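Biologist: I've got the structure open and would like a quick tour. Please start with any ground rules for the angles.

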Amino acid sequence: MTPPALEVRNLHKRFGDLEVLKGVDLVANDGAVISILGSSGSGKSTLLRCINLLENPNEGQIIVAGEEMKLKAGRDGALVAADSKQINRLRARVGFVFQSFNLWPHMSILDNIIEAPRRVLGQPKADAIAAAELFLEKVGIADKRHAFPAQLSGGQQQRAAIARTLAMQPRVILFDEPTSALDPEMVQEVLSVIRALADEGRTMLLVTHEMGFARQVSSEVVFLHQGQVEEIGTPEQVFEHSKSERCRQFMSSHK
Ligand SMILES: Nc1ncnc2c1ncn2[C@@H]1O[C@H](COP(=O)(O)OP(=O)(O)OP(=O)(O)O)[C@@H](O)[C@H]1O
Ligand SMILES: [Mg+2]
């Protein structure tokens, strides 16, 4: 049996005395699209950031395509890379799309996309460019390849950021509210790119406030409450037949 693309076991994260994640378990099989919902401060971003080690968890395991990230206790008690080569290799398999795009402002869109594949994956420049052009076409901004990020609309910048993530050939892509920094008229163009990725069987974790979209696109929905998985199931189960009162309240206040 192939191992899940991503597995998180018993993940804990503290900021000082504040315990933000209190033992989160999550399995994303190949092709799964898992939406993570929950009120502000429930730990959604922290969960995604810990998976990619943008934050150091305090406890738990992160397993990418069957390979566990080797972590050890650091000075402040949080877990840090025990083998930086291994961690860099695994992190490269986990793409991250931020709310705020995070493109490099001094580089053209094409250079933004080929930078990591060249540097981290060692792709020859011509190959990286050829791949980047395909991804730009896929997200519908092939004509912007020589532009700089500031010359693009927010929706175009986010599509460029998605192309940049795809260029790293990730096993799983983490999206943290990819449309919440956008003007309303640009939300749909980014959602339709994400929908196309779901349709081609990409494995994704998606934090979003776009409830209708989450419902349509997800294979599974997780409702996070105060750092714990309060409810998990199919979109229908979580949206319509939640066992948790808090989850039901959240759903009815976000209709
Ligand atoms: N770097 C940090 N230092 C201290 N506390 C933090 C830090 N990052 C997050 N927190 C706290 O952790 C908790 C969870 O934050 P997180 O950003 O994960 O929530 P969220 O579910 O993503 O919320 P939102 O929907 O507002 O984005 C909050 O109480 C937040 O204040
Ligand atoms: Mg957040």
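Modeller: Angles under 35 degrees count as roughly parallel, over 145 as roughly antiparallel, 65 to 115 as roughly perpendicular, and anything else is oblique. This is a predicted model, where local features need pLDDT of at least 70 and side-chain atom pairs count only at pLDDT 80 or more, while totals for chains, interfaces and linings use all residues. Residue numbers run from 1 along each chain as its sequence is written, and chains are lettered from A and ligands numbered from 1 in the order in which they are written.

Biologist: Fine. How do H3 and helix H4 pack, then?

Modeller: At about 130°, with the axes 9 Å apart (axes are lines fitted to C-alpha atoms, for helices over the stretch in contact, and angles run from 0 to 180 degrees between N-to-C directions). H3 and H4 are therefore oblique to each other. H4 covers residues 125-138 and H3 residues 109-119; helices (H or I, at least four residues) and strands (E, at least two) are DSSP runs, numbered from the N terminus.

Biologist: Which residues of H3 and H4 meet?

Modeller: From H3, Leu-110, Ile-113, Ile-114, Pro-117 and Arg-118; from H4, Lys-125, Ala-128, Ile-129, Ala-131, Ala-132 and Phe-135. Contact here puts the C-beta atoms, placed from the backbone, within 7 Å.

Biologist: At what angle do H5 and helix H6 cross?

Modeller: Roughly 15°, with the axes of H5 (residues 154-166) and H6 (residues 184-199) coming within 8 Å. That makes H5 roughly parallel to H6. H5 brings Gly-154, Gly-155, Gln-158, Arg-159 and Ile-162 to the contact, and H6 brings Met-186, Glu-189, Val-190 and Val-193. By class, these divide into four nonpolar, three polar and two charged.

Biologist: OK, strands. In what order do the four strands of the open sheet sit?

Modeller: S2-S1-S4-S5, with antiparallel pairing. Strand S2 (18-28) and strand S5 (67-68) are at the edges with a single partner strand each, so one side of each is left without a neighbour in the sheet. Pairing requires at least two bridges found by DSSP between the strands.

Biologist: How many bridges hold S1 and S2 together?

Modeller: Eight, in the antiparallel sense. Phe-15 has Leu-18 of S2 as its bridge partner. The S1 and S2 hairpin has two residues between the strands, and Gly-16 there takes a positive phi near 60°. On the S4 side, strand S1 (residues 6-15) pairs antiparallel with strand S4 (residues 59-64) over five bridges, and Leu-6 stands opposite Val-64.

Biologist: What about the open sheet of six strands, what's its order?

Modeller: S8-S9-S10-S3-S11-S12, with mixed pairing. Strand S8 (94-97) and strand S12 (228-233) are the edge strands, each pairing on one side only. Neighbouring strands in this sheet are turned by 20° against each other on average, direction ignored.

Biologist: Do me S3 and S10: parallel or antiparallel?

Modeller: Parallel, with four bridges between strand S3 (residues 33-37) and strand S10 (residues 204-207). Ile-34 is bridged to Leu-205 in S10. Strand S11 (residues 220-225) and S12 run antiparallel with five bridges, and Val-222 partners Ile-232. S11 and S12 form a hairpin with two residues between them, where Gln-226 in the turn has a positive phi of about 45°.

Biologist: Last one: which residues are around ligand 1?

Modeller: Phe-15, Val-20, Gly-38, Ser-40, Gly-41, Ser-42, Gly-43, Lys-44, Ser-45 and Thr-46. That uses a C-beta atom, placed from the backbone, within 6 Å of the ligand. Helix H1 (residues 44-51) gives the most to the shell, three residues. By class, the shell has seven polar, two nonpolar and one charged.

Technical notes: Two residues are in contact if their C-beta atoms, placed from the backbone, lie within 7 Å. Ala, Val, Leu, Ile, Met, Phe, Trp, Tyr, Cys and Pro count as nonpolar, Asp, Glu, Lys and Arg as charged, and the others, Gly among them, as polar.
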